[in-house]
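Work through the following exercises with the sequence and the coordinates side by side, and try each task before reading its solution.

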Amino acid sequence: MLTLGIETSCDETSCAVLKDGGQLLSNVVSSSLAKHKPFGGVVPEIASRHCLEQIDLVFQEALRRAKVSKKDLDLIAVTYGPGLVGSILVGLSFAKALAYELKIPFVGVNHLEGHLSANFIEDSPPKGPYIGLIVSGGHTELTYHKGKSVKLLGSTIDDAVGEAYDKTAKLLGLGYPGGPIIDRMAQEGDPKAFRFSKPKQEGRFDFSFSGIKTAVMQLVNNGHSSLRAPEGRSNDRADLCASFQESVARWLVEKTISACRHKKVKEVVVGGGVSANSRLRSLLTQEAEPYRIRVRFPSLPLTQDNAGMIARRGWEIYGQGKRSNWTLSAKPNLKIGES
Ligand code: KG4
Ligand code: ZN
């Protein structure tokens, strides 16, 4: 069975062909990142125009690389939220038109669920309940999965973790997107050089990341304006990156392990752009080990927005008997488990 995945929830335009839920024949991503860089963040109008220009080209390229024709497709899986409404509508309209032309079913996919399902392309899903950790530019969520049901345990009360990375990098003049840059710089720095106090939230499994961003801002504005090293070291930007990354990873890991113990589950599935983070990957794996909790991360290319993960999630929900109809519309604020 061949599933075409379509992902246009933000600045990427992506199409993928997935065979039988487990073999990615192609996964083409066209990013508009370079066009947003001068603005230090994604400009929605630029993103949706890029999707419109690229969608047909990316679709044709996905077919070409998979060595299939559009008549071979059996199912279309398309992101319908959450994300930028203009971008989502491009992919959704394209999916509907194609499904109509080819007379095949289509299913709307929740982008956040897609991030977790990215893990299941290369590895079969957990047999029992598991904890999901979604860490992206727009979301930070801890979820509990049992059978088909998904329950939100906690989420960020302010900035998403990826957003905190991006804003911190901007404050340090490092460029956009901040996550990969800070991750790289952190390798050269001392994670103990700066201390950030742990945020306190009401909800046991909620997160907060705006405080650490403000703390970095204060360091930049007062005392460390040049960000020269406190004790004659010349590496303080790298130290700040390493310290920021260590704190953020520790907060994420602590709550994730605590959620596993609370729910008595032995598996964690992580997804979203920040799941590429080297420290999060090593620390979570290391801290889960004494509790015999197994942690899964997607392979690096599948951590970022891509249509392969949408095809996989669509294939799963189609297998559960779900179909979408022509009235399906973009849902920019779609919540996990809502679809
Ligand atoms: O999931 P994603 O591709 O898009 C959204 O759905 O938001 O995530 C993008 C986010 C950006 O904030 C980016 O800075 C962050 O993922 N990111 C990282 C790393 N690579 C990407 N954050 C930390 N470490 C990384 N290595
Ligand atoms: Zn994403």
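**Exercise 1.** Find which aromatic cluster Y100 belongs to, and how many aromatic pairs a search of the whole structure finds.

*Solution.* Y100, F106 and W326 form one aromatic cluster. The model is predicted, with local features needing pLDDT of at least 70 and side-chain atom pairs pLDDT 80 or more, while totals for chains, interfaces and linings use all residues. Residues are numbered from 1 along each chain as written, and side-chain values use heavy atoms, without hydrogens and water. The whole-structure search gives seven aromatic pairs, where rings of Phe, Tyr and Trp (its six-membered ring) pair if their centres lie within 6.5 Å, and planes under 30 degrees apart count as stacked, over 60 as edge-to-face and the rest as tilted.

**Exercise 2.** Describe the geometry of the pair formed by Y165 and F244, and state where each residue lies.

*Solution.* The rings are edge-to-face, 5.0 Å centre to centre with 90 degrees between the planes. Y165 belongs to helix 6 and F244 to helix 9, 79 residues apart; helices are DSSP runs (H or I, at least four residues) and strands likewise (E, at least two), numbered from the N terminus. Y165 is buried at a relative accessible area of 2%, and F244 is buried at 1%, buried meaning under 20%, exposed over 50% and partly exposed in between (1.4 Å probe, protein chains only).

**Exercise 3.** Identify which residues coordinate the zinc ion (ligand 2).

*Solution.* H111 (NE2), H115 (NE2) and D305 (OD) coordinate this ion at 2.0 to 2.2 Å, donors being N, O and S atoms within 2.8 Å of the metal (3.2 Å for Na, K and Ca), with water not among the atoms, so sites may look incomplete. H111 lies in helix 4 and D305 in the loop between strand 10 and helix 11, so the pair ties together parts 194 residues apart in sequence.

How values were computed. Chains are lettered from A and ligands numbered from 1 in the order in which they are written.
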